[in-house]
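Tutor: Take a look at the picture below and turn it around a bit. Then ask me whatever you like, and we'll work through it together.

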Amino acid sequence: MRRSASPLSLILLGFGVFLLVLAPMLAWYVEPRAKRTPIDIDTTTVFTGKGRYFDQAALETKDDQSLTITRRVLGNVSESEKNDVAVWDVSTTIDNPETLPHGDPRRSFLWTTERWVTDRATNKPVHCCDEAPRRFQGDAYLKFPFGVEEKSYRWWDGTLKDTVPLRYQDRAKVQGYEGMRFTGSVEPTRSGSRQVPGRLVGLPDRPQVNAEEWYANSGVELIVDERTGRILKASIGPRLTLRAPGSDKDAVVLLESKRLSFDTKTQRTQVDLASADSKRLELVGETVPAAGGIAGLLLAGVGAVLVARGRSRDTEARRDDETRQ
C-alpha cells in the first residue's frame, strides 16, 4: 500500500500550522498577561544633591548641605495575591549629614510611610487593602503604565498628598539608554500643620502655635522607559516651609533643594531592570510572533507542497497500475 504523503511533509505541515497558531497567541494572549505590575518587588531608590535644612538643635537654617532621599518599596505578596492587585509598602526618608550616618528611619530628618494599591494591568489605584493615604490616586508613581505615550500623566506626590500633572517633553538618554522625559512643578501649597514655638514663626508672645506647613516643587523631571513604564531617572526640587497661621509669607525654611536626583547606582539599576524587562516583552510580543508567523508560513507552505506532490505521485502510480492490468 502506498502512502500519499511522506512523514517529513506531514511534520513540516503540522509544525508550520502550530507556529501560525502560536504567533497570534503570544501577541494577543501571552504578552498582555506579561504586562502586569510585579508583586514581589523589593527596590531602593536614592536621590542625592545639595540644599539647606533647618537644624532644630541650633534653631538655624544650614546652607549648602548634602541631602539624601531614600525610598524603599516592598511588595506585600500575600495581600496582592489575595486581592489580585499590587500592594506596595513604601518607606521614604530624608536625611542630612547629621542623620544619614545613623541608618535608622526613626532618626531621619523626615520619615513617611505609605501603602500603594494598584491594578496590575492598568496601573490605576485600587482602594482596598488598607491603602494609605486613602486619597492615593493618579496614573504614575514609582512607575508609569506599560506602553508610555507622548501625553500628560498624573504623578502621585507623597509630600503634596495629591497628583502633579507631568507633560511629555522629548526623548532623553540615561546611561546610554533612551527614555521619555516628562516635567512638571508644584506651586506653593499648604500641606498640613505643625505645633511649634511661636517665636519660630515670628510670634514671640505666643508659647505654641499651629504653624502652617507649605510645600512647593520647583521642578519635577522624570525619564521613563517607554515599554515598561519604569522610571530611569528622577529629579525634584522640593521646598518645605513653615508660616504663621494665616500668613502669606514663609517664616522658616525646613528643607530646600534646587535639584535632588537619582544617584548613579540607582540610575544604573533602573536602566538594567528596564532593559531586561523591555527585551522580554519585545521578545514575547513582537520578535517571536513575527518570526513564528513567517516560519509557520514557510513550513506550512513547504509541507503542503510536499503533501500535494506525494498525492500526485500516488495518483499517477494508481493509474499506471490500472493501465498494466
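Student: How many bridges join β9 to strand β12 (residues 260-262)?

Tutor: Strands here are DSSP E runs of at least two residues, helices are H or I runs of at least four, and both are numbered from the N terminus. Two strands pair if DSSP finds at least two bridges between them. Isoleucine 236 stands opposite leucine 260 in β12. β9 and β12 run antiparallel, and the number of bridges joining them is 2.

Student: What kind of model am I looking at?

Tutor: Residues are numbered from 1 along each chain as its sequence is written, and side-chain values use heavy atoms, with hydrogens and water left out. Local features need pLDDT of at least 70, side-chain atom pairs count only at pLDDT 80 or more, and totals for chains, interfaces and linings use all residues; what you have is a predicted model.

Student: How many strands does the chain have?

Tutor: There are 325 residues in the chain, and 43% of them are buried (under 20% relative accessible area with a 1.4 Å probe, protein chains only; exposed is over 50%, partly exposed in between). Take contacts (heavy atoms within 4.5 Å) between residues at least 6 apart in sequence: 59% of them join residues at least 24 apart. Besides 3 helices, the strand count is 12.

Student: Back to β9. Which residue of β9 is the bridge partner of leucine 222?

Tutor: β8 runs antiparallel to β9, with 4 bridges joining them. Their hairpin has 6 residues between the strands, and glycine 229 there takes a positive phi near 80 degrees. Leucine 222 has as its partner in β9 alanine 234.

Student: How far is lysine 233 from isoleucine 223, C-alpha to C-alpha?

Tutor: Lysine 233 sits in β9. Its contacts, leaving aside neighbours within four places in sequence, include Val174, Glu221, Ile223 and Phe262. Lysine 233 and isoleucine 223 are 10 residues apart in sequence, yet in space their C-alpha distance is 5.2 Å.

Student: How many bridges pair β6 with strand β7 (residues 177-197)?

Tutor: Start with strand β5 (residues 153-157), which pairs with strand β6 (residues 162-174) in the antiparallel sense over 5 bridges. Next, β6 and β7 form a hairpin with 2 residues between them, and glutamine 175 in the turn has a positive phi of about 55 degrees. Arginine 171 has methionine 180 as its bridge partner in β7. β6 and β7 are also antiparallel, and their bridge count is 7.

Student: How much space lies in the largest pocket?

Tutor: On a 1 Å grid over the protein atoms alone, a pocket is an open set of points with protein on both sides within 12 Å along at least five of seven lines, and lining residues have an atom within 4 Å of a point. Here 44 residues line it, and Ile94, Leu110, Thr112, Thr159 and Leu240 lie nearest its centre. β8 gives the largest share of the lining, 5 residues. Grid points are joined across faces, edges and corners, and the volume filled by probe spheres set on them is about 920 Å³.

Student: Is threonine 93 buried or exposed?

Tutor: Threonine 93 lies in strand β3 (residues 86-95). Ile69, Pro105 and Trp111 are among its contacts beyond four places in sequence. Its relative accessible area is 9%, so threonine 93 is buried.

Student: And aspartate 64, is that buried or exposed?

Tutor: Aspartate 64 is in strand β2 (residues 60-75). Although not a glycine, aspartate 64 has a positive phi of about 50 degrees. Its relative accessible area is 59%, so aspartate 64 is exposed.

Note on methods. On a 1 Å grid over the protein atoms alone, a cavity is a set of points where a 1.4 Å probe fits but cannot get out, and a pocket is an open set with protein on both sides within 12 Å along at least five of seven lines; lining residues have an atom within 4 Å of a point.
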